[in-house]
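Please consider the structure shown below. The paragraphs that follow lead through its helical elements and its charged side-chain pairs.

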Amino acid sequence: KRALINRLKRIEGQIRGIEKMVEENAYCIDIVTQAHAASSAIASFEKELLASHIKTCLIADISLGKKESADELIETLEKLIRG
């Protein structure tokens, strides 16, 4: 949990930096580059969170017979893959 929160705080800082760049009329390509870096950071956060979910929540649910959790994960992955 702590690692995820720290990652979100870094992403928040990146977003604030992008906002400042826009306010200060920074070069558009530099802003796009920073926005892409923030987008990549969010994607990494999603991967880490999904891995944690699989290792904890999903395994626990399946052991309790809640197989709908696997379907929910599959739906979520399909949404992420479609973009």
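Helix α3 covers residues 68–82, and its 15 residues reach 21 Å from the first C-alpha to the last. This is close to the 21 Å expected at 1.5 Å a residue, the expected span being 1.5 Å times one less than the number of residues. Helices here are DSSP runs (H or I, at least four residues), numbered from the N terminus. Just after α3, Gly 83 takes a positive phi of about 80°.

The model is predicted: local features need pLDDT of at least 70, side-chain atom pairs count only at pLDDT 80 or more, and totals for chains, interfaces and linings use all residues. Residues are numbered from 1 along each chain as its sequence is written, and side-chain values use heavy atoms, with hydrogens and water left out.

Side chains of opposite charge can pair when their charged atoms come close. The structure holds 2 salt bridges, each defined as a side-chain nitrogen of Lys or Arg within 4 Å of a carboxyl oxygen of Asp or Glu. In one of them, Glu 48 pairs with Arg 7, and the closest N and O atoms are 2.7 Å apart. This pair links distant parts of the chain, 41 residues apart: Glu 48 belongs to helix α2 (residues 28–63) and Arg 7 to helix α1 (residues 2–23). Glu 48 is partly exposed at 26% relative accessibility, a class lying between buried (under 20% relative accessible area) and exposed (over 50%), with a 1.4 Å probe and protein chains only. Arg 7 is also partly exposed, at 23%.

Arg 16 forms a salt bridge with Glu 12, with 3.5 Å between the closest N and O atoms. Both residues lie in helix α1, 4 residues apart, about one turn of the helix. Arg 16 is partly exposed at 47% relative accessibility, and Glu 12 is partly exposed at 43%.

Terms used:
Helices (H or I, at least four residues) and strands (E, at least two) are DSSP runs, numbered from the N terminus.
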